[in-house]
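Please keep the 3D view open as you read.

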Amino acid sequence: MSKKGPVSDFITHHYRHFNAASLVDAAKSYEDQLNSGAKMMITLAGAMSSAELGLSLAEMIRQDKVHIITCTGANLEEDVFNLIAHDHYKRIPNYRDLSPQDEQELLENHFNRVTDTCIPEEEAMRRIEDHLVKRWVKASENGERYLPHEYFYDMLLSGDLKEDYQIDPKDSWLLAAAEKNIPIIVPGWEDSTCGNFFASHCIEGRTKPSAMKSGIEYMMFLSDWYLKNSENGIGFFQIGGGIAGDFPICVVPMIEQDLGKKDVPLWSYFCQISDSTTSYGSYSGAVPNEKITWGKLGIDTPKFIIESDATIVAPLIFAYLLDW
């Protein structure tokens, strides 16, 4: 094993109990999975891209420590927003003190707030709209259909946005993923700003809904990918909860219970970073053992929950895995 760096040494020395100890245990177990030849899925809920998780996640992708990603439509697009409009973002450290009038002023100035970070509509969202629309229109005219992330991959790899970059492109996790061509699953993509763009252009007749492949087709793809890549195990590293976590983890019971295939390997590792504490009926707040009853995890699957802020925890785990 390669020598660890100062960040890794710090957490292994100081993080000895409670959520801190769970962080270290989860990081070491993730590393064990990789060393045993297992692959790893990372799921991104919340606003991880606007939190600039790409600063560490992009390098994880480049170093083959992530093999597939499931994310919300917001995380897919917000990484690109940050890539081309970073200088125009507004940070509001005192966001808890904002009045309704303050919020209205942000709206009138075309800033969409995510906690302390405001995304500029014109410089971020509208700047990529035309690039996507021309791809959607072309696909409609040619009778072609693609998955949501494939349009983003094509946009990034074409170089159309290159002159607009406002951060070091090595810090864009989506660009790193496109360059490695790793699979991305985006369930419920319609629930995103660019999904709203697409719907509006379909309503206006500029493109057709058929140009966009569906979430069912994502599940079909994931089923095939899982069966082809699970020989040494596939781990599940979940940031947040919601559809980004629940959709892909269900592929295992779907293959076994609905397709009737036998001896399907369960997920070989599970870790969730979430500030959603255990609660009644909540997926995000469910303890990992509940997933045993659904045929997702096994009795002996390494399982971890770190009840903390993912913007703090995930970069530390990634730093450990990158030997920083």
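Is phenylalanine 270 buried or exposed? Phenylalanine 270 is buried, at a relative accessible area of 0%, where buried means under 20%, exposed over 50% and partly exposed in between, with a 1.4 Å probe and protein chains only. Before going on, note that this is a predicted model, in which local features need pLDDT of at least 70 and side-chain atom pairs count only at pLDDT 80 or more, while totals for chains, interfaces and linings use all residues. Residues are numbered from 1 along each chain as its sequence is written, and side-chain values use heavy atoms, with hydrogens and water left out.

Now look for the aromatic pairs, of which there are 12; rings of Phe, Tyr and Trp (its six-membered ring) pair if their centres lie within 6.5 Å, and planes under 30 degrees apart count as stacked, over 60 as edge-to-face and the rest as tilted. One of them joins phenylalanine 236 and phenylalanine 270 in a stacked arrangement, with 6.0 Å from centre to centre and 15° between the planes. Phenylalanine 236 belongs to strand 7 (residues 234–239) and phenylalanine 270 to strand 8 (residues 269–274), so the pair ties together parts 34 residues apart in sequence. Helices (H or I, at least four residues) and strands (E, at least two) are DSSP runs numbered from the N terminus. Phenylalanine 236 is buried too, its relative accessible area being 0%. Elsewhere, Tyr30, Phe237, Tyr269, Phe304 and Phe318 make up one aromatic cluster.

Rings also meet charges here. A charge sits over a ring if NZ of Lys or CZ of Arg is within 6 Å of the ring centre and within 35 degrees of the ring normal. Lysine 4 places its charged end over the ring of tyrosine 320, 3.9 Å from the centre, and lysine 90 lies over the face of phenylalanine 111 at 5.1 Å from the ring centre.

Next come the open spaces. On a 1 Å grid over the protein atoms alone, a cavity is a set of points where a 1.4 Å probe fits but cannot get out, and a pocket is an open set with protein on both sides within 12 Å along at least five of seven lines; lining residues have an atom within 4 Å of a point. Grid points are joined across faces, edges and corners, and a volume is the space filled by probe spheres set on the points.

The largest pocket holds about 430 Å³. It has 22 lining residues, and Ala47, Met48, Ala51, Asp309 and Thr311 are the closest to its centre.

Helix 6 (121–142) and helix 7 (148–157) are the elements giving two or more residues to its lining, and helix 6 provides the largest share, four residues.

Finally, find the open sheet of three strands, antiparallel and in the order 3-5-4; two strands pair if DSSP finds at least two bridges between them. Strand 3 (90–91) and strand 4 (111–114) are the edge strands, each pairing on one side only. Four bridges link strand 4 to strand 5 (residues 117–120) in the antiparallel sense, and valine 114 has threonine 117 of strand 5 as its bridge partner.
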